[in-house]
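Dear colleague,

I am handing over the structure below, and my notes on it follow. Please read them with the model open beside you.

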Amino acid sequence: MRRTNTFILAPTVEQERILISRATNCAKLWNEVAYRRRQAYMNYQPIDWECKGIYQKYSPLIDSATAQQIIRKSNESWRSFFVLRKMEREGKLPPNMEKVCMPGYWKRDGKYRLMMVLRKDCYSLKDGAMKLPKKLKIPIRGKPRWIGKQGKAEIIYDEVDGKWRVLQAVKVKPLFKPRGSKTC
């Protein structure tokens with residue numbers, strides 16, 4: 001089973017500046033990938049799934065694993081878009097879905113959406129702190145609700161609260177084993 005732990009980061013002023021810089025570069029990476037894919041889609045050209053040139057441009061600014069994860073997240077969004085387009089052509093869209101849109105940009109009203117995606121081996125949560133790539137150690141508030149094998153983590157800036165939130169995927173064992181083949 002997959003579950004999600006949620007934490008709040010408590011960075012210092014200097015750490016927050018670094019987080020904002022990295023998250024802005026992540027948004028720029030996402031936007032550049034999205035732009036190229038939108039242009040290819042609208043001009044009936046093949047989609048570049050690897051994005052090597054963009055990856056090489058942004059991997060020194062944010063670490064290479066984070067750049068890789070953002071490109072993977074974009075791949076997931078675009079593949080989902082293509083599946084939904086196929087369902088739309090076949091008339092099999094769910095009734096609550098009116099139309100299918102391409103994945104958007106991480107920018108609204110002139111502000112970037114501050115978000116980072118971290119691979120499971122590129123961070124750790126120990127002693128009330130989160131260790132990030134490039135020797136960044138930020139205190140966290142909150143305790144893990146789920147204990148298990150850690151997955152990827154997303155760090156998102158919540159503009160309403162003015163806080164950095166961490167969403168950590170965790171793979172846990174079921175509390176009990178169901179009898180038979182029936183499901184709830």
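Trp 30 counts as buried, because its relative accessibility is 5% (buried means under 20% relative accessible area, exposed over 50% and partly exposed in between, with a 1.4 Å probe and protein chains only). This is a predicted model, in which local features need pLDDT of at least 70 and side-chain atom pairs count only at pLDDT 80 or more, while totals for chains, interfaces and linings use all residues. Residues are numbered from 1 along each chain as its sequence is written, and side-chain values use heavy atoms, with hydrogens and water left out.

Trp 30 belongs to helix H1, residues 13–42 (helices, H or I with at least four residues, and strands, E with at least two, are DSSP runs numbered from the N terminus). Setting aside neighbours within four places in sequence, Trp 30 is in contact with Ile 70, Lys 73, Ser 74, Ser 77, Gly 104, Tyr 105 and Trp 106, where contact means heavy atoms within 4.5 Å. Ile 70 is 40 residues from Trp 30 along the chain, yet their C-alpha atoms are separated by 6.6 Å.

**The chain as a whole**

The protein chain has three helices and nine strands, which follow one another from the N terminus as β-α-α-α-β-β-β-β-β-β-β-β. Its C-alpha trace spans about 55 × 50 × 30 Å along the principal axes, and 36% of the 184 residues count as buried. Of the contacts between residues at least 6 apart in sequence, 68% join residues at least 24 apart. The chain exposes about 12300 Å², of which carbon and sulfur atoms supply 52%; accessible areas come from the Shrake-Rupley method with a 1.4 Å probe, and for residues only the protein chains shown count as cover.

Cys 51 is in none, and the nearest cysteine sulfur, that of Cys 26, is 15 Å away. For Cys 122 the closest cysteine sulfur is also in Cys 26, and a bond is ruled out because the distance of 12 Å is too far. Cys 51 counts as buried at 3% relative accessibility, and Cys 122 counts as buried at 17%.

Cys 51, in the loop between H1 and helix H2 (52–58), has a positive phi of about 55° although it is not a glycine. Lys 135 is another non-glycine residue with a positive phi, near 55°, and is found in the loop between strand S6 (129–132) and strand S7 (136–141). At 85% relative accessibility, Lys 135 counts as exposed.

**The largest pocket**

The largest pocket has a volume of about 280 Å³. On a 1 Å grid over the protein atoms alone, a pocket is an open set of points where a 1.4 Å probe fits, with protein on both sides within 12 Å along at least five of seven lines, and lining residues have an atom within 4 Å of a point. The volume is the space filled by probe spheres set on the points, which are joined across faces, edges and corners.

Which strands each supply at least two residues of this lining? They are strand S2 (107–108), strand S3 (111–112) and strand S8 (149–158). The lining residues include Tyr 105 and Trp 106, both of which are also among the contacts of Trp 30.

With kind regards

How values were computed: A disulfide is a pair of cysteine sulfur atoms within 2.5 Å.
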